[in-house]
Amino acid sequence: MFKTKHKNIPTSKTESPEAINKNGTGHVDSICSGFVTGWAIDHESNTTNTVGLFIDGELICGTKANVYRKDLKDAELSDGFSGFQIPV
C-alpha cells in the first residue's frame with residue numbers, strides 16, 4: 001500500500017501507521033541499485049509530502065517527496081516537485 005503524510009513521518013516505532021494520510025496519490029517507480037524511487041502527491045495540501053518506507057507495519061525510513069519530476073509537471077499533477085528517492 002502506498003502511504004503519504006503531510007508533515008512528518010512517525011518518529012517512533014510505537015507510533016501507528018494509522019496516522020498516515022491514506023488519501024495521497026503516488027507510485028513506486030523502481031526498487032533498484034539501493035534506492036526506492038517514485039512520487040507522492042496530496043492535492044488537499046500545499047505542503048511537501050513525506051513518504052515512509054514500511055515493512056510489516058514498521059517504519060524503516062522516510063524522506064520528503066520534493067525531487068523535481070518533469071513528467072509530473074507536464075501531466076499537470078503537481079508543480080513537479082513531488083518525486084522521492086529512499087536509500088535502502
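Let's start with the surface. The protein exposes about 5,600 Å². Carbon and sulfur atoms supply 52% of that. Keep in mind that this is a predicted model.

How much of the chain is buried? Of the 88 residues, 33% count as buried.

Now the layout. The protein has one helix and seven strands. Reading along the sequence, you get β-β-β-β-β-β-α-β. So much for the order of elements. What about contacts over distance in sequence? Take the contacts between residues at least 6 apart. Of these, 48% join residues at least 24 apart.

Next, confidence. The mean pLDDT of the protein is 78. Residues at 70 or more make up 73% of the protein.

On to the charged side chains. Side chains of opposite charge can pair when their charged atoms come close. How many salt bridges does a search of the whole structure find? Three.

Take Asp-29 and Arg-69 to begin. Their side chains meet in a salt bridge, at 2.6 Å from N to O. This pair links distant parts of the chain, 40 residues apart. Asp-29 sits in strand β2, residues 25-32. Arg-69 sits in the loop between β6, residues 67-68, and α1, residues 70-74.

Are these two partners buried or exposed? Asp-29 is partly exposed, with a relative accessible area of 37%. Arg-69 has a relative accessible area of 18%. The cut-off for buried is under 20%, so Arg-69 counts as buried.

Arg-69 has another partner. It forms a salt bridge with Asp-71, with the closest N and O atoms 2.7 Å apart. Asp-71 is partly exposed, at a relative accessible area of 40%. Salt bridges that share partners join Asp-29, Arg-69 and Asp-71 into one network.

One more bridge to show. Asp-74 pairs with Lys-70, and here the closest N and O atoms are 2.7 Å apart. Why is this spacing worth a look? Asp-74 and Lys-70 are four residues apart in helix α1, so about one helical turn separates them.

Last topic: aromatic rings. The search of the whole structure finds one aromatic pair. The partners are Tyr-68 and Phe-81. Their ring centres are 5.0 Å apart. The planes make an angle of 55°, and the pair is tilted. Which elements hold these rings? Tyr-68 lies in strand β6, and Phe-81 lies in strand β7, residues 81-87. The pair therefore ties together parts that are 13 residues apart in sequence.

Arg-69 is buried. It bridges to Asp-29 and to Asp-71. Tyr-68 and Phe-81 form the aromatic pair.

Definitions and conventions:
Residues are numbered from 1 along each chain as its sequence is written. This is a predicted model: local features need pLDDT of at least 70, side-chain atom pairs count only at pLDDT 80 or more; totals for chains, interfaces and linings use all residues. Side-chain values use heavy atoms; hydrogens and water are left out. Helices (H or I, at least four residues) and strands (E, at least two) are DSSP runs, numbered from the N terminus. Buried means under 20% relative accessible area, exposed over 50%, partly exposed in between (1.4 Å probe, protein chains only). Contact means heavy atoms within 4.5 Å. Accessible areas come from the Shrake-Rupley method with a 1.4 Å probe; for residues, only the protein chains shown count as cover. A salt bridge is a side-chain nitrogen of Lys or Arg within 4 Å of a carboxyl oxygen of Asp or Glu. pLDDT is the predictor's confidence in each residue, from 0 to 100. Rings of Phe, Tyr and Trp (its six-membered ring) pair if their centres lie within 6.5 Å; planes under 30 degrees apart count as stacked, over 60 as edge-to-face and the rest as tilted.
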